[in-house]
Amino acid sequence: MSSNRKMLKILSLAQIVFAVLCFVMASLVFNGTPRVEGDADVLTFLTANLDAVLCTIAAFLTAFCAIDGIKGANRPSALGAHLVVALLTIVASAAACFFSPAVQGLSVVCALDAVLAIAAAFMLYCRRREQA
């Protein structure tokens with residue numbers, strides 16, 4: 001197994017951890033916003049809910065990207081749409097970071113999730129260059 005394949009597998013395993021962490025953080029925001037509704041203005045309430053939705057989408061995309069990366073590290077022909085999903089994960093995580101000033105803890109998790117997706121996309125790019 002080459003170093004790029006090993007790094008892709010390690011990044012994919014880290015992405016699974018961050019997918020679970022993103023999902024947990026988003027569910028905490030979903031559960032906490034009804035209690036905050038009376039204390040906050042409508043814009044803050046809607047922004048927190050939108051951020052939780054974007055973080056949930058990023059969590060599912062990250063999980064799909066991680067599973068595809070683990071399969072592709074073992075069998076490069078199974079990589080499929082890994083690069084497209086990694087780019088979608090970057091967009092969803094960046095959007096969640098943009099909307100998350102209302103929820104500070106979520107912005108850090110989403111930013112790290114975006115960094116992992118960028119690294120996974122870069123590893124895939126290096127892997128494809130290695131094959132050519």
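Thr56 is buried, with a relative accessible area of 16%. The cut-off for burial is under 20%, so Thr56 falls on the buried side of it. The model is a predicted one. Thr56 sits in helix α2. Setting aside neighbours within four places in sequence, Thr56 is in contact with Phe23, Ala26 and Phe30.

Phe23 belongs to helix α1. Phe23 is partly exposed, at 43% relative accessible area, while Thr56 is buried. In sequence, Phe23 and Thr56 are 33 residues apart. In space, their C-alpha atoms are 5.5 Å apart.

Which residues does Phe23 touch, not counting those up to four places away in sequence? They are Thr56, Ala59 and Phe60.

## Overall fold

The protein chain has four helices and zero strands. Read from the N terminus, its elements run α-α-α-α. The chain has 132 residues, and 43% of them count as buried.

Take the contacts between residues at least 6 apart in sequence. Of these, 77% join residues at least 24 apart.

## Helices α2 and α3

Two packed helices are described by the angle between their axes and the distance between the axes. Helix α2 covers residues 42–74, and helix α3 covers residues 82–99. Their axes come within 8 Å and cross at roughly 155°. Angles over 145 degrees count as roughly antiparallel, so α2 is roughly antiparallel to α3. The crossing of α2 and α3 is left-handed. What kinds of residues make up the contact of α2 with α3? It has 15 nonpolar, six polar and two charged residues.

The loop between α2 and α3 contains Ala81. Ala81 is partly exposed, with a relative accessible area of 41%. Phe64 is 17 residues from Ala81 along the chain. The C-alpha atoms of Ala81 and Phe64 are separated by 9.9 Å.

## Nonpolar cores

In soluble globular proteins, nonpolar side chains tend to be buried together. Here the largest nonpolar core holds 15 residues. Which of its members touch the most other members? Cys22, Cys55 and Val109 do. Helices α1 (3–36), α2 and α4 (104–131) each supply at least two residues of this core. The largest share comes from α1, with six residues.

## Gln15, a buried polar residue

Is Gln15 buried or exposed? Gln15 counts as buried, at 0% relative accessibility. Gln15 lies in helix α1.

Leaving aside neighbours within four places in sequence, Gln15 is in contact with Thr62, Cys65, Ala66, Leu116, Ala117 and Ala120.

Methods: Residues are numbered from 1 along each chain as its sequence is written. This is a predicted model: local features need pLDDT of at least 70, side-chain atom pairs count only at pLDDT 80 or more; totals for chains, interfaces and linings use all residues. Side-chain values use heavy atoms; hydrogens and water are left out. Axes are lines fitted to C-alpha atoms, for helices over the stretch in contact, and angles run from 0 to 180 degrees between N-to-C directions. Angles under 35 degrees count as roughly parallel, over 145 as roughly antiparallel, 65 to 115 as roughly perpendicular and the rest as oblique. A crossing is left-handed if the near helix is turned anticlockwise from the far one by less than a right angle, and right-handed if clockwise. Ala, Val, Leu, Ile, Met, Phe, Trp, Tyr, Cys and Pro count as nonpolar, Asp, Glu, Lys and Arg as charged, and the others, Gly among them, as polar. A nonpolar core is a set of buried Ala, Val, Leu, Ile, Met, Phe, Trp, Tyr and Cys residues joined through side-chain atoms within 4.5 Å. Buried means under 20% relative accessible area, exposed over 50%, partly exposed in between (1.4 Å probe, protein chains only). Contact means heavy atoms within 4.5 Å.
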